[in-house]
Amino acid sequence: MDKFRMVFQFLQSNQESFMNGICGIMALASAQMYSAFDFNCPCLPRYNLAYGLGILLVPPFILFLLGFVLNNNVSMLAEEWRRPRGQRGKDPAVLRYMFCSMAQRAMIAPVVWVSVTLLDGKCITCAFCTSVPMETLGNASHPGLSQGEMKQVLARIPCKEIYDGQELIDNEVAVRYLRCISQALGWCFVLLMTTLAFLVRSLRPCFTQAAFLKSRYWSHYIDIERKLFDETCAEHARSFAKVCIQQFFEGMSTDLADTCCHPPRKAPADVGEAAEKLLGITDQGTMNTALKSWHRCKPPLHLHPPALASGNGWAGDGQPPAHPPVPRREAAAYYSRV
Amino acid sequence: MDRFRMIFQYFQSNSESAMNGICGILALASVKMYTCFDFSCPCLPQYNMAYGLGIMFVPPVALFLCGLILNRQSVVMLEEWRRPQGRRKKDLAVIRYMCSSIIERAMVAPVIWIIVTLLDGKCLICAFSGSVDPEKFVGFPNASPVQVQQLLAKVPCKDDELMRNNTSRKAVSRYLRCWSQALGWSILLILIIAAFLARWLRPCFNQATLLQARHWSNYIDIEQKIFEETCCEHSQLFAHKCILHFFESMRQEIKLHSFSLPRKGEGVEGEEDLLQGITDQDQVNKLLKMWYYEKPPL
């Protein structure tokens, strides 16, 4: 019992820190991914906006979904949401709490990506270079250039090597302008996100503390119960398998004793455990038969009480069985009142 | 009892050091963020001041809020402030103490950002290059004020073609950087003197109240942690009992409705305990289905 308690405390205390760790790793991974990513603006009028905004918005969405995928509690939430009501009521507050805490953790990596992208400035420069205000930044107007041609020239601003509109607008001036706007947006975004996080964290104790404590307790409970149930099932499966295999070997040994003319076990009483563990199989041929039988014809998943061959099965009880041993091949149908 | 004492001491020593650790990490992160950040002044008359002052003041606000968010004690303090009085009186001195210690720790990273910004000088050069008096610097042609403003606005951009070899640009830049660094060092000196005085003079005033406030603020923190731990333990025991009860009820159902033989045989006895009377594939499937469709009531 103590061992269980220690293991579960470790898992419990570790689940939160484990999830926070995954959260931090994803945030670092997102910053690293951005710096490793080779940003290549296409420098064509309509493609720039699509590429720039795509790089700004699509990876965060993917990171958000990944945050959910990597969170173990998603399946727990789904299970609790979809289970039939049965004898236990469902509390929507608990489901909301679980969803909110998962969503908060999953939001961190996308927010880091968007902030780093905006603070770096390449995406916005690529996306909005055709919208630069020519009146304030331009050198002189070229009446010869149509709107489309001007856009084509402006679209090449991010690509310094092929930019040929120096008379129209200085490349450095335009890039500086766009990067300034991008960084201002980036810092405003960071400020907004931290303000939101601060409000969420600080307003909660002011309003719904009791409900929060309840939801938190029961969401932890559901998690622990699920883990404990899995543990119990695993232990049960282990015992099941052990007894099943033991009965298989006993069955083999009995069959062989019946068919071959091997004398019954005549090991003296004091040989001890080693002889018992041999389960009556004491030569190569028998072992091979046992192994072949295990492969060709596994025993059914149906344990029976120990056979009466030893002859003293009932002696301990001192009474005859109330019912004759019924072959238990058929599955009993029963209606649970649990 | 000993175990509780060890836990108490662990929490006691660890709460303060955990908060100091977070404070230090945020301070380092703020320096790192500044060095990684690619400062690029727009060099346009209306935008310079907004950009320069924005970079100097917006990140510190974000860092301050981060410092409040990451500090566990801020939630504890808010809970203590907003809880109903009930049977336990509220001591405002304790809440004030907690508030001041939280704010002190949260202020470290923003102050470091501002000081690093000032000592580096780029922000102030960008923000105030347009406000410099052009009369003081030779090299600016007697052009219209608008043009002079434009030229001054371009001072932070070394690579601009107009400014590349302009000696006046360097003069203005040096002048502004000198002011910026002087301001930075002065602020640092004032803050350190203030911290020094606060720490040395505090024992002279209200030491007893301070000790009380500190004790009870630690107590509230530890009490909350232990409450959470106890809730965890309780839910584990609750779950354990619930599942055992579920298996037990299933076993009773099986006993009632199937022809189960009385248990015997020492070798299998221990295992049968663990098997809880469930010894068949169908029974296991039924149990698992029942667990899903009809969880036992709490």
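Here is a chat about this structure.

Q: Before we start, what kind of model is this, and how are residues numbered?
A: It is a predicted model, where local features need pLDDT of at least 70 and side-chain atom pairs count only at pLDDT 80 or more, while totals for chains, interfaces and linings use all residues. Residues are numbered from 1 along each chain as its sequence is written, chains are lettered from A and ligands numbered from 1 in the order in which they are written, and side-chain values use heavy atoms, with hydrogens and water left out.

Q: Which residues of chain B does UniProt annotate as "transmembrane region"?
A: The unreviewed UniProt entry gives residues 49-71, 92-115 and 182-201 of chain B. Positions are in the numbering used here, feature names are shortened, and such annotations may be inferred rather than shown by experiment.

Q: How far apart are the ends of residues 92-115 of chain B?
A: Their end C-alpha atoms lie 34 Å apart, and the span is 100% helix. For residues 182-201 of chain B the distance is 28 Å, again with 100% helix.

Q: Switching to chain A: where does α2(A) bend?
A: At A:G54, by about 35°; that is the angle between axes fitted to the seven residues ending there and the seven starting there.

Q: And which residues of α2(A) are buried?
A: Among them are A:N48, A:G52, A:I55, A:L56 and A:P59. Buried means under 20% relative accessible area, exposed over 50% and partly exposed in between, with a 1.4 Å probe and protein chains only.

Q: What about A:S17?
A: A:S17 sits in helix α1 (residues 2-36) of chain A and is partly exposed, with a relative accessible area of 40%.

Q: Now the interface: how many residues does each chain bring to the contact?
A: Chain B gives 79 residues and chain A gives 68, where contact means heavy atoms within 4.5 Å. The area buried between them is about 7500 Å², with 68% from carbon and sulfur atoms; buried area is the accessible area (1.4 Å probe) that two parts lose on being put together, summed over both.

Q: How many salt bridges cross the interface of chain B and chain A?
A: The rule finds 3, taking a side-chain nitrogen of Lys or Arg within 4 Å of a carboxyl oxygen of Asp or Glu. A:R179 forms a salt bridge with B:D38, with the closest N and O atoms 3.3 Å apart.

Methods. Helices (H or I, at least four residues) and strands (E, at least two) are DSSP runs, numbered from the N terminus.
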